[in-house]
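Biologist: Can you put the model up? I'd like to go through the strands and the packing.
Modeller: Here it is.

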Amino acid sequence: MDGVQALTGADPAPLGEYALVGVLSRGRQSAVYLGRSPNGYAAIKLLPWADAETQRAVAGRWTGTYLCNQGKTALELTIKETSSDELEAVFAFEADPSNPGVPSGSFAMSGLLNGRVLELKGERWIDRPGEYVMVDLRATLTQDRPSTIKGTILAGGCSTFEVERS
């Protein structure tokens, strides 16, 4: 489409029912994306809002699943605020009932909430099973106080994760 810039790795994941197609414009404080849903196209403007309240909104215990080469895996993600406006997390995984052969493990993460984009990067193993590798996470929050976080796992052989506040 004319006038639509390509998405980059720094752009958010899909927003709700909208798949992001491209960037219509970028400013210092926001970006306007072209989104496509089953009902058509829309312009979506994202404003930064990662203040202290928002950081607190993602802090806590989250449970759900993720998909990687080993199949569907249970996930407990515990996110904590730090005094420097950064986030710390523990990514703990174990067998999902539908995939009982997965070993348990955990690793520490660190990251930021940049605008609406949550990014957590694997830092160090707490309990490493075999040759497993740490992964990074990216998710775009769609609410001020989310009850669910859905996003992408940034590692080869992995795809998505979804967790709910618990």
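Modeller: One term before we start: two strands count as a pair if DSSP finds at least two bridges between them. By that rule S5 and S6 pair in the antiparallel sense, over nine bridges. Keep in mind that this is a predicted model.

Biologist: Which residue stands opposite Lys80?
Modeller: Glu88 in S6.

Biologist: And how many bridges do S4 and S5 have?
Modeller: Nine bridges, with the two strands antiparallel. S4 and S5 form a hairpin with two residues between them. Across that pairing, Arg61 stands opposite Thr78 in S5.

Biologist: OK, packing. How many residues are in the largest nonpolar core?
Modeller: 25 residues. Those with the most contacts inside this core are Leu77, Ile79, Phe91, Leu120, Leu137 and Phe161.

Biologist: Which elements give two or more residues to this core?
Modeller: Strands S4 (60-68), S5 (71-81), S6 (87-95), S7 (105-114), S8 (117-127), S9 (136-140), S10 (148-154) and S11 (160-165).

Biologist: Which of them gives the most?
Modeller: S6, with four residues.

Biologist: What does Ile79 touch?
Modeller: Leaving out residues up to four places away in sequence, Ile79 touches Val58, Ala59, Gly60, Trp62, Leu87, Glu88, Ala89, Leu118 and Leu120.

Biologist: How many bridges join S2 to S3?
Modeller: Seven, with S2 covering residues 31-37 and the two strands running antiparallel. Arg36 stands opposite Tyr41 in S3.

Biologist: Last one, Leu113. Is it buried or exposed?
Modeller: Leu113 lies in strand S7. Its relative accessible area is 7%, and the cut-off for buried is under 20%, so Leu113 is buried.

Biologist: How far apart are the C-alpha atoms of Leu113 and Arg138?
Modeller: They are separated by 9.7 Å, while the two residues are 25 residues apart along the chain.

Key: Residues are numbered from 1 along each chain as its sequence is written. This is a predicted model: local features need pLDDT of at least 70, side-chain atom pairs count only at pLDDT 80 or more; totals for chains, interfaces and linings use all residues. Side-chain values use heavy atoms; hydrogens and water are left out. A nonpolar core is a set of buried Ala, Val, Leu, Ile, Met, Phe, Trp, Tyr and Cys residues joined through side-chain atoms within 4.5 Å. Buried means under 20% relative accessible area, exposed over 50%, partly exposed in between (1.4 Å probe, protein chains only). Contact means heavy atoms within 4.5 Å.
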